[in-house]
Amino acid sequence: ITAAANGQVVRFEAEHPLSDGQMIKTDVSIKPLRAQAGRVTQLIIEGRDITERKASEQSVRESEALYHEMFLTNSAVKLLIDPEQSIIVDANDAAVRFYGYSRETLIGMAISRINTLSPDQIHEEMVAARMEQHREFHSTHRLASGQIRNVAVYSGPVTRGGRVLLNSIIHDETEQVRLEK
């Protein structure tokens, strides 16, 4: 109030109790009104209820933290794939270690650079995963080193940023396949 009385526009967020005891979050602004001589004669105080916006922002922060915990830092090899463009949208640290590419290189990479199936076969598998007709695939993937690994891919649709993407978990089963042979 002192700053506004000295001519400054003041804006801050605060919590206020309602008559029922519930707390709301508000965006408060205090604006000075001046007389012709320039002296502050009145203060206009406005407050807007921003409780829902703050709850929404908190929900987004929690969702981002959950995504980080469940996807990025998970020890399972995970890729987020755009089935329309057949490109990798995101990759976790385990995928970086497994494939031998940097995360920056993996993001935007055509899935056909690592999956050894033909582009038509890859597309068919992604359509089936997107439609949830088939969730488990066995294939071979090429690492950055050129090494070929037998993998099981567990994939299903997720919506992120308004797009349907495939959340894929890749399990290296090369040793198991070798032992079976």
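Predicted model: local features only at pLDDT ≥ 70, side-chain atom pairs only at ≥ 80, totals over all residues.
With a relative accessibility of 43%, Thr41 counts as partly exposed. When residues up to four places away in sequence are not counted, Thr41 touches Leu33, Arg34 and Ala35. The C-alpha atom of Thr41 is also separated by 8.2 Å from that of Ala5, a residue 36 places away along the chain.

Strand 2, which comprises residues 23-34, runs antiparallel to strand 3 and is joined to it by nine bridges; within strand 3, Ile44 is the bridge partner of Lys31.

The side chain of Asp27 meets that of Arg11 in a salt bridge with an N to O distance of 2.4 Å. Because Asp27 lies in strand 2 and Arg11 in strand 1, this pair ties together parts that are 16 residues apart in sequence. The accessibility of the two partners is given by relative values: Asp27, at 6%, counts as buried, whereas Arg11, at 57%, counts as exposed. Asp27 meets a further side chain, that of Arg48, in a salt bridge of 3.0 Å from N to O, and this pair links distant parts of the chain, with Asp27 in strand 2 and Arg48 in strand 3, 21 residues apart. Arg48 has a relative accessibility of 48% and thus counts as partly exposed.

A salt bridge is likewise formed between the side chains of Glu13 and Lys54, at 2.9 Å from N to O. Since Glu13 is located in strand 1 and Lys54 in helix 2 (residues 51-72), the pair ties together parts that are 41 residues apart in sequence. Glu13 is partly exposed, its relative accessible area being 46%. Through salt bridges that share partners, Glu13, Arg53, Lys54 and Glu57 are joined into one network. The count of salt bridges comes to 13.

A further open sheet is formed by five strands in the order 5-4-8-7-6, and its pairing is antiparallel. Its edge strands are strand 5 and strand 6 (136-142), each of which pairs on one side only. Neighbouring strands of this sheet are turned against each other by 40° on average, direction ignored. Strand 4 pairs with strand 8 (residues 163-172) in the antiparallel sense over five bridges, and in strand 8 the bridge partner of Leu79 is Ser168.

Ser86 is placed in the loop between strand 4 (77-82) and strand 5 (87-91); its phi is near 55°, a positive value in a residue other than glycine. Ser86 counts as partly exposed, at 21% relative accessibility. Glu173 is placed in the loop between strand 8 and helix 6 (174-180). Although buried, Glu173 has no salt bridge, and the nearest side chain of opposite charge, that of Lys181, is 11 Å away. Leaving aside neighbours within four places in sequence, Glu173 is in contact with His138, Asn150, Val151 and Ala152.

Definitions and conventions: Residues numbered from 1 in each chain as written. Heavy atoms only, no water. Pairing = 2+ DSSP bridges. Helix = DSSP H or I, 4+ residues; strand = E, 2+ residues; numbered from the N terminus. Buried < 20%, exposed > 50% of the residue type's maximum accessible area, 1.4 Å probe, protein only. Axes fitted to C-alpha atoms, helices over the stretch in contact; angles between N-to-C directions. Contact = heavy atoms within 4.5 Å. Lys, Arg positive; Asp, Glu negative; His and termini not counted. Salt bridge = Lys/Arg side-chain N within 4 Å of Asp/Glu carboxyl O.
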